[in-house]
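Dear colleague,

I am handing over the structure below, and after it you will find some notes on what turned up in one part of the chain. Please read them with the model open beside you.

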Amino acid sequence: MASVLYMILCGGKGQRLWPLSRKNLPKQFVSCNNQKTLLETTIDRLTPLRKQNDQIGIVTSKEYFQAIQQLLGDVVDSYVIEPVGKNTAPAILLACTQIAKEYNDDPVVVFVPSDHYIKEQDLFERAIASMTAYAESYGDICLLGVTPRGISTSYGYIFTHDATTFNTPSNIDKFIEKPNKEVAEILVATSHALWNCGIFVARNSVFLRAFKQASPGLFDDMTAVTENKQTYAALSPCQFDTAVTEKISNRVVFPTPMTWQDLGDLESFLMHNQSPTENNISVHGQNNTAFSSKKMVAFLGVSNICLIETDDIILVKQQ
């Protein structure tokens, strides 16, 4: 059986989580409910999946490498270091290029973001186990799709050819990125739409072939980087979905009913992180959210307001 590498994508600056996330304290270092950070929670989620020859790695940028090492110690087996962040496509390609040099057995690679909330660990483990088993034998890139639990305009959708069955590969018809409310309502009303949670699984060689086929310019540029003929900083930033998975035919999605949420923006993050100050109140208003470490926050006659208080900043925004 092939070894599995669980690679955590951990290079984002977390600009949508400002002011909780800053340049010197990006979102992967933000703690949930004053306990573990998002990155540590992601590692805890992956650890039960790791078998004897499997490894957990981190893909991050040079500016965060030392801080991650200090946070995690020897928990992580390997690192892939970007000289500068260039979004998910260059980060994944750099990781696959490094893996190809260091491993002879063409391992199955699982790329996961570092800022997700997943409620049911057992459903997550079953889904990933199904995807890695499939990826070991077939030359497809596997995506994890989550059954929508509401109408969301913040997520990308995967639309399948046929009605989906949990933990069984489904052929992908198309991707719909952050649709408007009317389109999202139509999608969710069908049995063919899934939220795209940005988890990708395949043999390392399958990832590399997909890059060469779908984004030959990026593939050639990365080759030039590894041969010291071009700087990594000169690469164009791009997302893996738009650079690769939307362009290839060898792709499948594994549906799962687990409760999932991307915690990359303030509203979603605060839904899962209670304010340290108790008894925040709303009078003649609703749907207000506050995160304040020192003061009680009272909302009077207003609705849909998000308030964040840190030591040096107070942010008030419409939800």
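**A strand and its partners**

A290 stands opposite L307 in β15, where strands are DSSP runs (E, at least two residues) numbered from the N terminus. Please keep in mind that this is a predicted model, in which local features need pLDDT of at least 70 and side-chain atom pairs count only at pLDDT 80 or more, while totals for chains, interfaces and linings use all residues. Residues are numbered from 1 along each chain as its sequence is written, and side-chain values use heavy atoms, with hydrogens and water left out.

Strand β13 (residues 289–292) pairs with β15 in the parallel sense over four bridges, and two strands count as paired if DSSP finds at least two bridges between them. On β15 and strand β16 (residues 314–318), the pairing is antiparallel and runs over five bridges; here E309 stands opposite I314, and I308 stands opposite L315.

Together, three strands form an open sheet in the order β13-β15-β16, with mixed pairing. Its edge strands are β13 and β16, each of which pairs on one side only.

How many residues of strand β15 (residues 305–309) are buried? Five of its five residues are buried, where buried means under 20% relative accessible area (1.4 Å probe, protein chains only). In a regular strand the side chains alternate between the two faces of the sheet. In β15, I305, L307 and E309 point one way, whereas C306 and I308 point the other way.

With best wishes

Terms used
Buried < 20%, exposed > 50% of the residue type's maximum accessible area, 1.4 Å probe, protein only.
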